[in-house]
Structure formats: C-alpha cells, structure tokens
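Visitor: I've just opened this one and could use a quick tour. Where do we start?

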Amino acid sequence: MEKSSKFISISGLSGVLIGTYAIIGAALGYITVYGFRSQFGYRDYFVTDEHIIFKLLLIALTVLLISIITGVLMAKRKAKRVNQSIWNVSSRSLLFALAVPLMAGGIFSLIVFARGYYGLIASSLLIFYGLALTAASTYTFKEVKWLGIFEIILGLLALCFPGYGFWFWTFGFGVLHIIYGLIVYKRYE
C-alpha cells in the first residue's frame, strides 16, 4: 500500500526555475520579433515570417525541454531526500491526469498553428495547461489547483485582449510559476 495518496515530490525551486526559463524564453522571443533596432515599439520582423516562426518554435521547444528535465531531476532529488519513490501509484495517476488535457491542448495548438491562427496559441496553451493542472491537483499540493485556475483565467483574458497574448503567456508561464514555486518551497520544504 502507498504511504500517501498524494505525490509530494514536486520541488518548489523547480517552479521558480521553470518560471525563470519561461521569462528568459519570452525575452528571447521578444528580441527575435522586435529586435534591437525597432523604434517606437515597431517590430523588426513579422511573426508570420517563416524564419521567425522557426526561431520562436525553437525557443519554445528548448524552454519546454529544459523545464521538463529540471522538473524531473528536482522531483527525483526531493523524492530521494524524503525517501519516496518517484514512480508510484500517485505519480502515475498525476501523470495521467496531467497528460490528457495537455495532449488535447497540444494537438489543438498544432491545428491552430497549422491554420495560421497565431493569435490563439498563447491563450489556448494557457487554458489547456490550466485545465491539466486542475485535473492533476487531486494528486498533489492544493497550490497546483490554484496555479491551474489562474492559468485558465489568464488564457481567457488573452482571448479578450487580442495582441497581448505574449504578455499573458509570459505572466502565466513565467511569473505565476515563480510565485507558485516560492509558495510551495516556503510551505513544504
């Protein structure tokens, strides 16, 4: 029988690092589109340019990969410290609850991307990520549910304010993760 029905090996510091990676990625994305030469806030390039899309995808995938690696490594480290297996009934349940909305959101975002509706990508990623977090929160800290709810709210606000998805995305994946990480670190570590 499992020691607990909750997966408690999530590290608060990984949330801070993941949020920091997102902000760095957003800064690189901003520089990619706006450059250093733009005057009065005008773009040097358009997001629809093929080479810009490739660069932005490369930045996003790099941030995602580094974030996943950081989360897994830090969870392993914390699990070892609290003498808990990282792969148990709780973690499998958490992964499944997280995976279904994330996969649906990923496929939805790829369809939106393929159709050229770039303005919907930031909001849809925030909404589906928030749904995934709220679904997975049953198996971990209650703070995950609140992070998910705030991600959903930001995604819906991004839909209401077209053209500002980048800022909502940066705040959701960057700043909110840092705040969440600090709260979890202070309460549980």
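Guide: Start with a term. A residue is buried under 20% relative accessible area, exposed over 50%, and partly exposed in between. Trp167 has a relative accessible area of 48%, so Trp167 is partly exposed. Keep in mind that this is a predicted model.

Visitor: Okay. How many helices and strands does the chain have?

Guide: Six helices and zero strands. Along the sequence the pattern reads α-α-α-α-α-α.

Visitor: What share of the residues is buried?

Guide: 38% of the 189 residues in the chain.

Visitor: And what share of the contacts is between residues 24 or more positions apart?

Guide: 71%, counting the contacts with a separation of 6 or more.

Visitor: Back to Trp167. Which ring does Trp167 pair with?

Guide: With Tyr30. The ring centres are 5.8 Å apart and the planes meet at 55°, so the pair counts as tilted. Tyr30 sits in helix α1 (residues 12-34) and Trp167 in helix α6, 137 residues apart.

Visitor: Is Tyr30 buried, exposed or partly exposed?

Guide: Partly exposed, because its relative accessibility is 32%. Tyr30 and Trp167 also belong to a cluster with Phe166, linked by ring pairs.

Visitor: How many aromatic pairs does the structure hold?

Guide: The structure holds 10. Another one of them joins Phe108 and Phe128. That pair is tilted, with 5.6 Å centre to centre and 40° between the planes.

Visitor: Which helices do Phe108 and Phe128 lie in?

Guide: Phe108 lies in α3 and Phe128 in α4, so the pair ties together parts 20 residues apart in sequence. Phe108 is partly exposed at 37% relative accessible area. Phe128 is partly exposed too, at 21%.

Visitor: Let's stay with α3. How many residues does α3 have?

Guide: 26, running over residues 89-114. From first C-alpha to last, α3 reaches 37 Å. That is close to the 38 Å expected at 1.5 Å a residue.

Visitor: Where is the kink in α3?

Guide: At Ala99, shortly before the proline Pro101. The kink is about 25°.

Visitor: What happens at the start of α3?

Guide: A side-chain oxygen of Asn88 comes to within 3.0 Å of the backbone nitrogen of Ser90. After the helix comes Gly116, with a positive phi near 85°.

Visitor: Which residues of α3 are buried?

Guide: Ser90, Ser91, Leu94, Ala97, Pro101, Gly105, Ser109 and Val112. These buried residues pack against α4 (121-136).

Visitor: Now α4. What span should its 16 residues have?

Guide: 22 Å at 1.5 Å a residue. The end C-alpha atoms of α4 are 22 Å apart, which agrees.

Visitor: What covers the buried residues of α4?

Guide: The cover includes α3, α5 and α6. Among the buried residues of α4 are Ile121, Leu126, Ile127, Tyr129 and Leu133.

Visitor: And α5?

Guide: The 19 residues of α5 should span 27 Å, and the end C-alpha atoms are 28 Å apart, which agrees. Its buried residues include Glu143, Leu147, Glu151 and Ile152. What covers the buried residues of α5 includes α4 and α6.

Visitor: Glu143, you say. Why does Glu143 count as buried?

Guide: Because its relative accessibility is 7%, and the cut-off for buried is under 20%. Glu143 touches Tyr180, Ile183, Val184, Arg187 and Tyr188, leaving aside residues up to four places away in sequence.

Visitor: Which residue does Glu143 form a salt bridge with?

Guide: Arg187, with the closest N and O atoms 2.5 Å apart. The bridge joins helix α5 (residues 142-160) to helix α6 (residues 165-188), and the partners are 44 residues apart.

Visitor: Is Arg187 buried or exposed?

Guide: Exposed, with a relative accessible area of 54%. Glu143, by contrast, is buried at 7%.

Visitor: Last one. How many salt bridges turn up in the whole structure?

Guide: A search of the whole structure finds one.

Note on methods. Residues numbered from 1 in each chain as written. Predicted model: local features only at pLDDT ≥ 70, side-chain atom pairs only at ≥ 80, totals over all residues. Heavy atoms only, no water. Helix = DSSP H or I, 4+ residues; strand = E, 2+ residues; numbered from the N terminus. Expected span 1.5 Å × (residues − 1). Bend = angle between axes of the 7 residues up to and from the residue. Buried < 20%, exposed > 50% of the residue type's maximum accessible area, 1.4 Å probe, protein only. Contact = heavy atoms within 4.5 Å. Polar contact = N/O pair within 3.5 Å; in protein donor to acceptor, adjacent residues only side chain to side chain. Salt bridge = Lys/Arg side-chain N within 4 Å of Asp/Glu carboxyl O. Phe/Tyr/Trp six-rings, centres within 6.5 Å; stacked < 30°, edge-to-face > 60°.
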